[in-house]
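Please read this report alongside the sequence and the coordinates.

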Amino acid sequence: MLYGEKTVSDAVVELWDNPHPDRDYEIKIDLPEFTCLCPRSGYPDFAVIRITYVPDRLIVELKSLKLYLNSFRSKYISHEDVANVIYNELNEKLAPRYLEVIGDFNPRGNVKTVVRVTSDRKP
């Protein structure tokens with residue numbers, strides 16, 4: 001196993017203390033090189049993953065998030081499941097005041113998919 005493959009396979013989302021927990025502010029993260037595998041065909045799917053959140057006590061460390069998302073590269077997973085799995089992971093670990101995860105998948109076979117999972121409301 002190459003060192004990059006090991007780093008990705010061992011990836012976990014790391015958290016830092018929010019330097020401004022007394023304030024509502026929005027963090028937007030775009031990850032434009034997301035890939036996973038279609039669970040039906042095995043063909044690769046490509047997407048932009050967009051994460052928007054209002055932190056409470058914790059914020060996500062960006063390199064760990066990148067490596068965690070890279071771990072999907074070899075997973076057979078649907079577009080709908082991708083957005084929900086990422087949402088669940090971040091919501092459970094961060095317990096943010098607001099969270100939205102969008103999987104904006106590139107067209108394949110003349111079909112484009114955008115999956116949005118969100119908290120009920122923004123503060």
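The text below takes up the strands, then the loops, then the aromatic rings.

This is a predicted model, in which local features need pLDDT of at least 70 and side-chain atom pairs count only at pLDDT 80 or more, while totals for chains, interfaces and linings use all residues. Residues are numbered from 1 along each chain as its sequence is written, and side-chain values use heavy atoms, with hydrogens and water left out.

**Strands**

Helices (H or I, at least four residues) and strands (E, at least two) are DSSP runs numbered from the N terminus, and two strands pair if DSSP finds at least two bridges between them. Buried means under 20% relative accessible area, exposed over 50%, and partly exposed in between, with a 1.4 Å probe and protein chains only. Strand β3 (residues 44-54) is mostly covered, eight of its 11 residues being buried. Strand β2 (residues 27-37) runs antiparallel to β3 and is joined to it by nine bridges, with Leu31 having Ile49 as its bridge partner in β3. The two strands β2 and β3 form a hairpin with six residues between them, and Gly42 in the turn has a positive phi of about 85 degrees. Strand β5 (residues 98-108) is likewise antiparallel to β3, through eight bridges, and the bridge partner of Ile51 in β5 is Val101.

**Loops**

Ala95, in the loop between α3 (79-94) and β5, has a positive phi near 45 degrees although it is a residue other than glycine, and it is partly exposed at a relative accessible area of 46%. Asn110 is not a glycine either, yet has a positive phi of about 70 degrees; this residue lies in the loop between β5 and β6 (111-118) and is exposed, at 78% relative accessible area.

**Aromatic rings**

Rings of Phe, Tyr and Trp (its six-membered ring) pair if their centres lie within 6.5 Å, and planes under 30 degrees apart count as stacked, over 60 as edge-to-face and the rest as tilted. By this rule there are three aromatic pairs, including the two tabulated here.

| Pair | Centre distance | Plane angle | Class |
|---|---|---|---|
| Phe34 and Phe72 | 5.5 Å | 50 degrees | tilted |
| Phe34 and Phe105 | 6.4 Å | 90 degrees | edge-to-face |

Phe34 lies in strand β2 and Phe72 in the loop between α2 (62-70) and α3, so their pair ties together parts that are 38 residues apart in sequence. Phe34 is buried at 3% relative accessible area, and Phe72 is buried at 1%. One aromatic cluster is formed by Phe34, Tyr68, Phe72 and Phe105.
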